[in-house]
Amino acid sequence: MENRSHIPTHLRKIYSKLRQIISQKRFIKGSLYYLRNTCGKKNCKCTKGEKHESLYIQQVKKNKARKSIIPKSKWDEIRQMNNRYKEILKLLEQVSDYEWEHIKDKK
Ligand SMILES: [Zn+2]
């Protein structure tokens, strides 16, 4: 049977954590990266070395890379959502690894 009645406690905890994250929080896939640029305005601080920092997120979708700039007001939010996505992947991987190791079990 494929139900989860016989799984060990540590795996049960992973499922529980996954459920909790997925049901209560938002998440987003992608890699975050910063770029520092000048804006072109003559008297801007960026001409004196204090460059503007932008945060981007990029991901591969249908074998194509796509990217988006993130408004500064959402930097924290998107960073947290992205960390959460990675956490979900990590937990899924742990579940899958467990199943992999037990493929040949009799029951
Ligand atoms: Zn500037």
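Predicted model: local features only at pLDDT ≥ 70, side-chain atom pairs only at ≥ 80, totals over all residues.

Reader: At what angle do H1 and H2 cross?
Author: Roughly 150 degrees, and the axes come within 10 Å. H1 covers residues 9–24 and H2 covers residues 75–101. Helices here are DSSP runs of H or I, at least four residues, and strands are E runs of at least two, numbered from the N terminus. Axes are lines fitted to C-alpha atoms, for helices over the stretch in contact, with angles from 0 to 180 degrees between N-to-C directions.

Reader: Parallel or antiparallel?
Author: H1 and H2 are roughly antiparallel. That label needs an angle over 145 degrees; under 35 is roughly parallel, 65 to 115 roughly perpendicular, and the rest oblique.

Reader: Is the crossing left-handed or right-handed?
Author: The H1 and H2 crossing is left-handed. That is the case if the near helix is turned anticlockwise from the far one by less than a right angle; clockwise would be right-handed.

Reader: Which residues meet there?
Author: From H1, Leu11, Ile14, Tyr15, Lys17, Leu18, Ile21 and Ile22. From H2, Arg84, Glu87, Ile88, Leu91, Gln94, Val95 and Tyr98. Contact means C-beta atoms, placed from the backbone, within 7 Å.

Reader: How many of those are nonpolar, polar and charged?
Author: The contact of H1 with H2 has ten nonpolar, one polar and three charged residues. Nonpolar covers Ala, Val, Leu, Ile, Met, Phe, Trp, Tyr, Cys and Pro; charged is Asp, Glu, Lys and Arg; the others, Gly among them, are polar.

Reader: How many residues of H1 are buried?
Author: Zero of the 16, so H1 lies largely in the open. Buried means 20 or more other C-beta atoms within 10 Å of the residue's own, exposed means 12 or fewer, and partly exposed is in between, with C-beta atoms placed from the backbone.

Reader: Switching topic. What is phi at Lys62?
Author: Near 50 degrees, a positive value in a residue other than glycine. Asn63 also has a positive phi, near 65 degrees. Most residues other than glycine have a negative phi.

Reader: Where does Lys62 sit?
Author: In the loop between strand S2 (52–61) and strand S3 (64–70). Asn63 is found in the loop between S2 and S3 too.

Reader: Is Lys62 buried or exposed?
Author: Lys62 is exposed, with 5 other C-beta atoms within 10 Å. Asn63 counts as exposed as well, with 5 C-beta neighbours inside 10 Å.

Reader: What about Ile70, which residues are in contact with it?
Author: Ile70 is in strand S3. Apart from neighbours within four places in sequence, Ile70 contacts Leu55, Tyr56, Ile57, Trp75 and Ile78. Ile70 is partly exposed, with 18 C-beta neighbours inside 10 Å.

Reader: Last one. What does Asn82 touch?
Author: Ile28, Gly30 and Leu32, not counting residues up to four places away in sequence. Asn82 lies in helix H2. The C-alpha atoms of Asn82 and Leu32 are separated by 8.3 Å, though the two are 50 residues apart along the chain.

Terms used. Residues numbered from 1 in each chain as written. Contact = placed C-beta atoms within 7 Å.
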